[in-house]
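Student: I would be grateful for a close look at the places where side chains meet in this structure. Please begin with a charged group and a ring, and then proceed to the other contacts.

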Amino acid sequence: MLIGRRAIVPLLAVMLLIPLSFFSFLLFHTVAELVSIVVATSAFIVAWNTYGFSRNPFLLFLGTGLLWLGALDLFHTLVYKGMNIYPGVTDANLPTQVWVATRYLQALLLLAVPWFGVRTLHRGWLIITMGGIALAVWAWIMSGYFPDAFIEGKGLTPFKIVSEYLIVLLLILAGLHLYWRRKRFDPHMVALISVSIVATIIAELAFTFYIDVYGLSNLIGHLFKILGYWYIYVALVEYALAGPFRLMAHAATTYDAIPDPTVVIDVNGEIRQTNAAARKLFNLSEVECVGRHCHDVLHASHLSIQDCPVCQQIYQGGTGHRIEVEDRLGQRWFEVILSPVTWGEQAMGMVHVSRDITQQKQMMTQLARSNAELQRFAEVTAHHLQEPARRLASYADHLTSLLGNRVEDDPEVAFSLNFIRQQARRQQNLLRDVERYLAADQPRGQMVEVDVNRLLTVLLQRLTPALQQYHAEVEVHPALPAVWIDMPRLNQIFETILENALRHAQPSHQEKTPPILPLHIVIHGERHVNSVRYTVCDNGVGIEATYRERVFRVFERLQSNALGERDGGGTGIGLAIVRRIVESCGGKVWIEDSYYGGCCVVFEIPNPVGGTG
């Protein structure tokens with residue numbers, strides 16, 4: 001990785017610069033510094049302009065620092081001994097001072113980057129702050145208070161030599177810091193930055209013992225400085241540009257592997273890219289698709305763009321919706337899903353996925369037809385079976401009348417006639433409840449916002465005989481929230497739950513038995529953000545947690561007497577009807593423990609604030 005294709009450019013630079021140094025060291029120095037400056041500036045451009053999608057603070061921090069290091073290196077180049085560009089500079093002290101200060105900043109940059117590289121950075125403040133530091137260092141040097149670094153005829157000052165070793169120490173600490181935090185970054189990027197640090201250390205060591213600014217150690221130091229800058233640049237390009245483009249290339253290959261027809265469209269609905277499935281479905285090439293409006297290629301031809309539901313979602317910026325539409329020929333059905341494509345916070349377009357649901361639509365149509373036929377058959381059957389049951393009960397009464405006193409003289413005959421009568425009536429009730437169950441998912445009146453307190457007032461008046469029979473009292477909390485539903489089905493929900501509480505109360509609550517403790521039923525409700533919840537609690541015998549789901553099944557009855565009836569009667573369909581009604585409204589129903597000792601039947605119906613749920 002380190003000596004392969006990535007090393008070609010620095011090797012070429014060395015091959016060109018070494019011969020150049022023998023021709024003119026000043027020219028060599030200028031070219032070497034310019035190469036470093038170009039690399040540093042390029043690294044900044046890459047890091048700065050790719051941060052919008054890379055969101056890599058490590059690269060941004062490093063690239064921005066390199067920009068200002070390059071600016072100081074440019075000043076160092078202009079004031080270098082022999083350039084005669086900057087007025088008043090006749091010796092090597094000023095360029096050496098600039099060099100030392102810049103290398104200090106470079107070492108501190110590499111030391112700090114692992115820490116700042118995991119934090120959210122603001123690009124504007126970052127470039128201003130780093131620029132301010134570089135400007136402050138430059139002003140310090142130009143003020144004359146910066147220590148001397150080179151004296152003509154003597155060479156490097158102790159400050160310069162000690163500084164180079166301190167810089168080397170800072171670079172070693174930078175390498176250790178990077179190694180310590182290596183798990184937070186890509187291992188290849190860590191390796192490239194580490195190589196840059198090593199090259200910079202070698203460069204600094206070379207600058208510790210030169211006497212002549214045109215000497216060999218100076219040449220070696222500049223070559224390794226170029227190498228250090230280069231590998232930082234490689235890391236930036238590799239992981240800010242090359243990496244994302246490789247990922248995009250891989251994504252493009254994966255994109256063609258998607259079995260559903262998928263296209264990328266811009267904000268105006270024009271196709272920018274298609275996958276293989278889309279091109280195959282419409283028998284069009286990429287060139288024939290790109291630039292055309294998606295409606296002309298993908299959507300039903302009998303609809304205009306203004307009437308097309310998919311196009312309307314595109315223009316409104318709606319995404320995440322599943323829209324069912326026909327194809328252009330009206331022969332197949334597709335489910336269209338729109339997903340946003342953004343650059344930062346700006347919408348750039350959408351991914352338009354069309355999933356063929358023709359078979360599902362056909363199966364759903366067939367299933368709906370079969371269900372409708374089955375429900376119709378069950379309704380007709382239940383209706384026609386009512387008549388035999390009614391006649392059976394009627395003839396049992398007629399036979400009792402004919403036998404007269406002889407029925408009382410023969411207990412077995414009396415028991416048999418009573419059993420026939422009870423079972424006939426039970427069958428009538430059962431068939432009635434089956435009809436109600438089958439019709440429970442269909443509204444039986446106008447959908448209105450029902451005043452629940454008023455509905456319960458009327459219902460409890462009608463149930464007064466039953467309440468007195470079971471010695472029960474009902475407490476209704478005032479100001480129950482209204483709910484959007486048809487009144488007959490809501491009335492049936494409350495009536496069924498109340499009758500269930502009366503029928504299956506404790507034995508001490510049954511009719512003709514003076515109650516030890518009156519059966520107490522409490523009804524209260526509350527509004528949530530998008531639903532209304534009602535709770536009917538009692539102090540009856542309750543239902544064990546094991547059986548609380550079973551009671552909502554059709555024909556499930558937990559206790560039976562010798563005649564096969566639940567204490568107090570019942571068909572075992574009542575709570576199943578309640579669940580069918582509630583779930584047909586998009587709600588849910590369940591049973592909880594009651595504060596009063598029995599159980600609570602809780603049902604919740606979706607109902608956004610404001611009514612029209």
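Tutor: In this predicted model, the charged end of arginine 123 sits over the ring of tryptophan 48, at 5.2 Å from the centre of that ring. A second contact of this kind involves arginine 103, which lies over the face of tryptophan 99, 4.4 Å from the ring centre.

Rings also meet other rings. A pair of aromatic rings is described by the distance of the centres and the angle of the planes. The structure holds ten aromatic pairs. One of them is formed by phenylalanine 75 and tryptophan 138, whose arrangement is edge-to-face, with 6.0 Å from centre to centre and 80° between the planes. This pair links distant parts of the chain, since phenylalanine 75 belongs to helix H3 (residues 57-78) and tryptophan 138 to helix H5 (residues 123-142), 63 residues apart. Phenylalanine 75 has a relative accessible area of 12%, and it therefore counts as buried. Tryptophan 138 has a relative accessibility of 31%, so it counts as partly exposed.

Phenylalanine 146 and phenylalanine 159 form another edge-to-face pair, with centres 5.6 Å apart and 85° between the planes. Because phenylalanine 146 lies in the loop between H5 and strand S1 (150-151), and phenylalanine 159 in helix H6 (residues 158-180), the pair ties together parts that are 13 residues apart in sequence. Phenylalanine 146 counts as buried because its relative accessibility is 5%. Phenylalanine 159, with a relative accessible area of 26%, is partly exposed. Elsewhere, ring pairs link Phe61, Trp115 and Phe116 into a cluster.

Leu176 is one of the residues of a nonpolar surface patch, together with Val162, Leu166, Leu169, Ile172 and Leu173; the accessible area of the patch is about 510 Å².

Just after H12 comes glycine 317, which takes a positive phi of about 75°.

The structure holds twelve salt bridges. In one of them, the side chains of glutamate 335 and arginine 355 meet at 3.9 Å, N to O. Distant parts of the chain are linked here: glutamate 335 is in strand S6 (residues 333-343) and arginine 355 in strand S7 (residues 346-356), 20 residues apart. Glutamate 335 is buried, at 15% relative accessible area, whereas arginine 355 is partly exposed, at 32%.

Another salt bridge joins arginine 489 to aspartate 486, with 2.9 Å between the closest N and O atoms. Both arginine 489 and aspartate 486 are buried.

A further salt bridge brings together the side chains of aspartate 593 and arginine 548, at 2.2 Å, N to O. This pair also links distant parts of the chain, with aspartate 593 in strand S13 (residues 588-593) and arginine 548 in the loop between strand S12 (531-538) and helix H19 (574-584), 45 residues apart. Aspartate 593 is exposed, with a relative accessible area of 57%, but arginine 548 is buried, with 15%. Finally, salt bridges that share partners join Asp260, Glu335 and Arg355 into one network.

Conventions. Residues numbered from 1 in each chain as written. Predicted model: local features only at pLDDT ≥ 70, side-chain atom pairs only at ≥ 80, totals over all residues. Heavy atoms only, no water. Phe/Tyr/Trp six-rings, centres within 6.5 Å; stacked < 30°, edge-to-face > 60°. Helix = DSSP H or I, 4+ residues; strand = E, 2+ residues; numbered from the N terminus. Buried < 20%, exposed > 50% of the residue type's maximum accessible area, 1.4 Å probe, protein only. Lys NZ or Arg CZ within 6 Å of the ring centre and 35° of its normal. Patch = residues over 30% accessible without salt bridge, like charges linked within 9 Å, V, L, I, M, F, W, Y side chains within 5 Å. Areas by Shrake-Rupley, 256 points an atom, 1.4 Å probe, with all protein chains shown as cover. Salt bridge = Lys/Arg side-chain N within 4 Å of Asp/Glu carboxyl O.
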